[in-house]
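User: Please take a close look at one part of this model. I would like a single connected account of how that part is built and what surrounds it.

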Amino acid sequence: MNPLYQQMETSVFERMSLAAAKHGAVNLGQGFPDFGWSPEILEAAAKAVVEGSNQYAPSRGLPALREAVAAHYGRHQGLDLSAENICVTSGATEALAAAILATVEPGDEVIIFTPAYDAYAPLIRRAGGLPVEVALQPPGWRIERSALEAAISPSTKAIVFNNPHNPTGRLFDRDELGVIAEFAVINELVVISDEVWEHILLDGQAFTPIAALPGMASRTLKCGSAGKIFSLTGWKIGWLAASTELATLAARAHQFLTFASAPNLQAAVAYGLNEGDGWLQPMRDHFARARDRMTAGLEAAGFAVLPSASTYFMCVDLAASGISLDDEAFATQAVAKAGVAVVPLSPFAEQEAPRHLIRLCFAKRDETIDAGVEAMARAR
Ligand code: PMP
Ligand code: GLN
């Protein structure tokens with residue numbers, strides 16, 4: 001048996017969704033919208049199924065999707081990519097796995113910023129590497145050069161960066177990107193950049209991919225997800241965008257993880273990316289209104305809400321809300337007694353885990369937000 005998996009807990013997202021189902025609670029835990037966006041994309045998928053796009057896709061993805069992803073990033077982020085630079089994966093989760101397996105060797109250290117998405121540390125360990133945590137501090141969650149310098153060692157191989165950041169909702173600024181890029185170039189590190197939330201920008205900000213900074217295109221593996229772009233999280237269509245050399249390496253890892261992803265869903269995502277970008281701003285406006293509605297409701301119920309500029313998520317400071325329970329205890333009693341599932345932040349770090357913060361998903365219909373806020377008020 002592999003002790004890594006013997007010692008591992010069930011992912012907090014699965015744990016909270018199972019608890020929500022068990023208790024019939026409003027699920028503000030795991031990040032998924034309870035509505036869809038584009039009926040045309042659903043129709044494109046149904047059409048692809050009926051028309052027979054049902055056998056193995058090429059391992060690196062349908063050419064039409066690889067071209068659509070490259071063009072999309074050219075249009076939105078000024079990246080100079082072609083199909084050669086793209087490898088389609090089964091969600092960004094597999095993109096992360098392929099990127100980490102392709103670049104991390106046994107004994108390598110990999111810097112992650114905590115609170116960190118829960119997949120990073122186990123994937124780094126599975127590759128034989130050691131995750132090295134740089135703890136960001138609330139409420140600013142800023143990346144400081146001095147913290148990176150303290151984390152580096154001769155064994156450091158890579159940084160796993162996540163921007164915009166889950167669970168905090170932080171969009172890192174140009175200065176912070178510059179610090180990471182400079183640090184990566186000077187120390188010759190690979191940067192695995194998890195940018196799945198790149199389009200969920202709630203206050204009119206622009207997103208800069210780290211690959212666009214000087215010296216970064218050749219050392220960055222960017223991970224993206226159609227699940228987030230189109231609010232179709234269950235489809236699990238994602239991709240890696242990288243230099244031809246890095247994309248080819250990651251594609252070798254990918255071919256023995258899943259080999260290929262559902263061709264009909266790939267065709268529908270390609271259709272969606274090529275359809276035009278008119279839906280983007282309405283989507284952002286919708287999520288911004290949802291965030292504001294949830295914030296207002298929670299504040300009226302006496303909760304201290306931390307600012308969020310991106311993702312589907314906001315954090316609540318339990319201690320500043322006058323609640324003495326820690327995050328896990330609050331989450332356990334909120335789902336069982338008050339009927340609302342939330343995500344505690346302590347599973348997002350091993351060393352300096354915040355124990356007074358919970359994460360809530362606001363990507364919900366108004367009725368769901370209102371029912372969730374009412375239940376939160378009962379959980380106090
Ligand atoms: N990275 C981050 C930061 C995420 O938030 C998520 C999902 N919410 C993923 C990766 C996984 O994406 P996917 O569902 O496409 O595998
Ligand atoms: N990424 C989603 C979240 O942060 C959940 C993904 C999952 O369940 N693995 O809630």
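Strands β12 and β13 (residues 357–361) run antiparallel and are joined by 2 bridges. Strands here are DSSP runs of E with at least two residues, helices are runs of H or I with at least four, and both are numbered from the N terminus. Two strands pair if DSSP finds at least two bridges between them. V343 has R359 in β13 as its bridge partner. The open sheet holds 4 strands in the order β9-β10-β13-β12, with antiparallel pairing. β9 (304–305) and β12 (343–344) are its edge strands, each pairing on one side only.

The model is predicted: local features need pLDDT of at least 70, side-chain atom pairs count only at pLDDT 80 or more, and totals for chains, interfaces and linings use all residues. Residues are numbered from 1 along each chain as its sequence is written, while chains are lettered from A and ligands numbered from 1 in the order in which they are written.

Now the parallel pairing. Strand β5 (residues 156–162) pairs with β3 (residues 109–114) in the parallel sense over 4 bridges. I111 stands opposite I159 of β5. β5 also runs parallel to β6 (residues 190–194), with 5 bridges. There, N162 has D194 in β6 as its bridge partner. In β5, 7 of 7 residues are buried. Buried means 20 or more other C-beta atoms within 10 Å of the residue's own, exposed means 12 or fewer, and partly exposed lies in between, with C-beta atoms placed from the backbone.

β5, helix α8 (residues 174–186) and β6 make a right-handed β-α-β unit. Right-handed means that, with the strands pointing away from the viewer, the path from the first strand over the helix to the second runs clockwise.

α8 has 13 residues and reaches 18 Å from first C-alpha to last, close to the 18 Å expected at 1.5 Å a residue. That expected span is 1.5 Å times one less than the number of residues. L177, I180, A181, F183 and A184 are buried in α8. They lie on the same side of α8, because they cover an arc of only 165° around the axis. The arc is that of the directions from the helix axis to the C-beta atoms. R174, D175 and I186, on the other side of α8, are exposed.

The buried residues of α8 pack against α7 (145–151), β5 and β6; contact means C-beta atoms, placed from the backbone, within 7 Å. Just after α8, E188 takes a positive phi of about 55°.

Conventions
Contact = placed C-beta atoms within 7 Å.
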